[in-house]
Amino acid sequence: MRTMLMLMAATAFLVAGAAEPDDPSWQRIASDQAGGTSTWVMTSGVYNPQRKKLELEVAPAEVKKAAVEYEIAVTPYDPKLKSHIASPDHPWGNFLVKVNGVVILDAPAASYISKGLHKIEFKPELLKEGTNVIELGWQKIEPSSGKVYGYIYFKADDTERLRAWRKLPKYTPEQFPNDDLYIRLLVRL
């Protein structure tokens with residue numbers, strides 16, 4: 001019986017590990033350095049999502065599975081409560097993820113904005129050869145819904161370009177040096 005339980009546990013570990021982003025069968029398409037000094041870039045409402053452009057150098061028909069991988073650097077912050085909130089029951093609004101303008105996720109945010117590495121799979125048909133745009137942020141909420149926006153802290157390389165961008169008095173997501181964000185495409189061919 002003990003041998004059977006150990007075998008079941010080992011099998012469960014191997015199956016769970018196969019879906020992880022570190023699985024070598026995933027190819028990571030990234031422009032960040034993912035090393036050295038890192039910092040964060042904040043998204044605080046529906047009007048400032050984070051966008052990243054990544055180049056796919058293979059025909060999308062060759063991609064069997066695809067995912068967006070991103071990293072949250074700090075536990076999200078609720079400005080109304082003036083506190084970082086890790087509770088899965090907090091009434092955050094919906095987290096919105098788009099690939100090339102198509103929504104791949106519109107769901108309650110708590111499990112998608114917690115500190116750490118996240119992966120969201122999507123249909124590879126949404127990819128195109130060349131530039132692909134990934135967008136992450138908040139879905140618009142109705143004031144009467146009881147839902148709230150918070151500050152989401154996406155991890156990024158701490159580069160001179162990013163530090164210069166932060167000093168701008170006003171900016172748009174299109175001006176953002178998105179190469180620094182830890183937002184990546186994962187593909188399996």
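The legends below accompany close-up views of a predicted model.

**View 1. The largest nonpolar core and its contributors.** This core holds 35 residues, and those with the most contacts inside it are Y70, F95 and L127. Two or more residues come from each of β3 (50-56), β4 (65-78), β6 (94-99), β7 (102-108), β8 (116-122), β9 (130-138), β10 (151-157) and β11 (183-188), with β4 giving the most, namely 4 residues.

**View 2. The surroundings of Y70.** Leaving aside residues up to four places away in sequence, Y70 touches F95, Y112, G116, L117, H118, I120, L136, F154, Y182 and I183. Y70, F95, Y112 and F154 together form one aromatic cluster.

**View 3. An open sheet of 4 strands.** The strand order is β3-β9-β6-β7, with antiparallel pairing. Because β3 and β7 stand at the edges and each has a single partner strand, one side of each is left without a neighbour in the sheet. Direction ignored, neighbouring strands of this sheet are turned by 15° against each other on average. The antiparallel pairing of β6 and β7 extends over 6 bridges, and V97 has L105 in β7 as its bridge partner.

**View 4. Aromatic pairs that involve β10.** The whole structure contains 7 aromatic pairs. The ring centres of W40 and Y153 lie 4.8 Å apart with the planes at 85°, so this pair is edge-to-face; since W40 lies in strand β2 (residues 38-43) and Y153 in strand β10, the pair ties together parts that are 113 residues apart in sequence. W40 is partly exposed, at 35% relative accessible area, whereas Y153 counts as buried at 8%. Y77 and Y151 form a stacked pair, 5.4 Å centre to centre with 25° between the planes, and this pair ties together strands β4 and β10, in parts 74 residues apart in sequence.

Note on methods:
Residues numbered from 1 in each chain as written. Predicted model: local features only at pLDDT ≥ 70, side-chain atom pairs only at ≥ 80, totals over all residues. Heavy atoms only, no water. Core = buried A, V, L, I, M, F, W, Y, C linked by side-chain atoms within 4.5 Å. Buried < 20%, exposed > 50% of the residue type's maximum accessible area, 1.4 Å probe, protein only. Contact = heavy atoms within 4.5 Å. Pairing = 2+ DSSP bridges. Axes fitted to C-alpha atoms, helices over the stretch in contact; angles between N-to-C directions. Phe/Tyr/Trp six-rings, centres within 6.5 Å; stacked < 30°, edge-to-face > 60°.
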